[in-house]
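Me: I am new to this structure and would like to go through the terms used for it. Please set each value against its definition.

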Amino acid sequence: MHEAATLQVRALGHRYRGGPWVVRDVHASWAFGSLVAVTGANGAGKSTLLRLLAGVVRPRAGSVVGRPRSVGYVPERLAAPPIDMAHWLDALAALRGGTRRDTLARLETLGTVPPQRAPLASLSKGTLRKVLLADALAPTVPLLVLDEPWADLDADGADALSGMLNERAGAGALVVVADHTGRATNAAAVEIALRASTASTASTASTASTMATVSFRGDPTRLDALDAAAEALGFRRVDT
């Protein structure tokens, strides 16, 4: 499915506009065909780590090696592109090599089929999230990076998503999920637990800096990342 066996994170770090480090010195290696859960309190750097893995932002330090060309990225905060469902489905078919019917089938599994002439901006948060997830779950996407994907979903949709993520991992995709519900942790082979800490420097008084500490549950050699097709799908690339 993908030429690289693993996704490798080497001394990865990022901070925004010269501020404190949000994540720093992260080393990991995940195998494709696994589900990785990213957990931690608010402000621990989960969303930033996912953006780095997906390629949405360039790291200030380190690198992500083995990222495939096709990445399914769904952010926690959703912004609908200025497009209607019909044009969106056609764009996905061209991008992913599938058909409109394929995407509609995944949407139906998630429990929704919006009117095809409905503007994406008119959809509820839960429905919009399902629309974006239907793209990420395409069988041609080897890396899925999902930030709180169960947010805004009804119970049936959440259960359906859990099953679909397990299927994608079983078929050889690397699925990296930031999640506070416990659903990802229960199914994951590896857990990346981020926590905030306070760093001090000799030249200044106590300087607050959010650092990322990586801990693994399971085999520490199982790591992978994702790339952002967000720009091609109508999202604005953010590079800070």
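**Helix pairs, burial and cores**

Reply: The axes of H3 and H5 come within 8 Å and cross at roughly 125°. Axes here are lines fitted to C-alpha atoms, for helices over the stretch in contact, with angles from 0 to 180 degrees between N-to-C directions. The model is predicted, so local features need pLDDT of at least 70 and side-chain atom pairs count only at pLDDT 80 or more, while totals for chains, interfaces and linings use all residues. Residues are numbered from 1 along each chain as its sequence is written, and side-chain values use heavy atoms, with hydrogens and water left out.

Me: Why are H3 and H5 called oblique to each other?

Reply: Angles under 35 degrees count as roughly parallel, over 145 as roughly antiparallel, 65 to 115 as roughly perpendicular, and the rest as oblique. The H3 and H5 axes cross at roughly 125°, and the pair is therefore oblique. In this pair, Arg106, Thr109 and Leu110 of H3 meet Gly157, Ala160, Leu161 and Met164 of H5. Contact means heavy atoms within 4.5 Å.

Me: What makes H3 and H4 oblique?

Reply: Their axes cross at roughly 130° and come within 9 Å. By the angle classes, H3 and H4 are therefore oblique too. Thr103, Arg106, Leu107 and Leu110 of H3 make the contact with Lys130, Val131, Leu133 and Ala134 of H4.

Me: How do you know which elements count as helices and strands, and how many are there?

Reply: Helices (H or I, at least four residues) and strands (E, at least two) are DSSP runs, numbered from the N terminus. The protein has six helices and eight strands. Their order from the N terminus is β-β-β-α-β-β-α-α-α-β-α-β-α-β.

Me: Why does Thr48 count as buried?

Reply: Buried means under 20% relative accessible area, exposed over 50%, and partly exposed in between (1.4 Å probe, protein chains only). Thr48 has 5% relative accessibility, so Thr48 counts as buried. This residue lies in helix H1, residues 46-54. Leaving aside residues up to four places away in sequence, Thr48 touches His14, Tyr16, Val22 and Val23.

Me: What makes H1 largely enclosed by the rest of the structure?

Reply: Eight of its nine residues are buried, so H1 is largely enclosed. The buried ones are Lys46, Ser47, Thr48, Leu49, Leu50, Leu52, Leu53 and Ala54. Just after H1, Gly55 takes a positive phi of about 85°. Across the protein, buried residues make up 51% of the 240 residues.

Me: Is Ala121 buried or exposed, and why?

Reply: Ala121 has 66% relative accessibility, so this residue counts as exposed. Ala121 sits in the loop between H3 and H4. Ala121 and Met85 are 36 residues apart in sequence, and 9.9 Å apart in space from C-alpha to C-alpha.

Me: What makes a set of residues a nonpolar core?

Reply: A nonpolar core is a set of buried Ala, Val, Leu, Ile, Met, Phe, Trp, Tyr and Cys residues joined through side-chain atoms within 4.5 Å. The largest such core has 37 residues, of which Leu133, Leu137, Leu144, Leu146, Leu161 and Leu165 touch the most other members. Among the elements giving two or more residues to this core are helix H3 (100-110), helix H4 (125-136) and helix H5 (155-170). A second, separate core of 29 residues includes Val23, Val26, Phe32 and Leu174.
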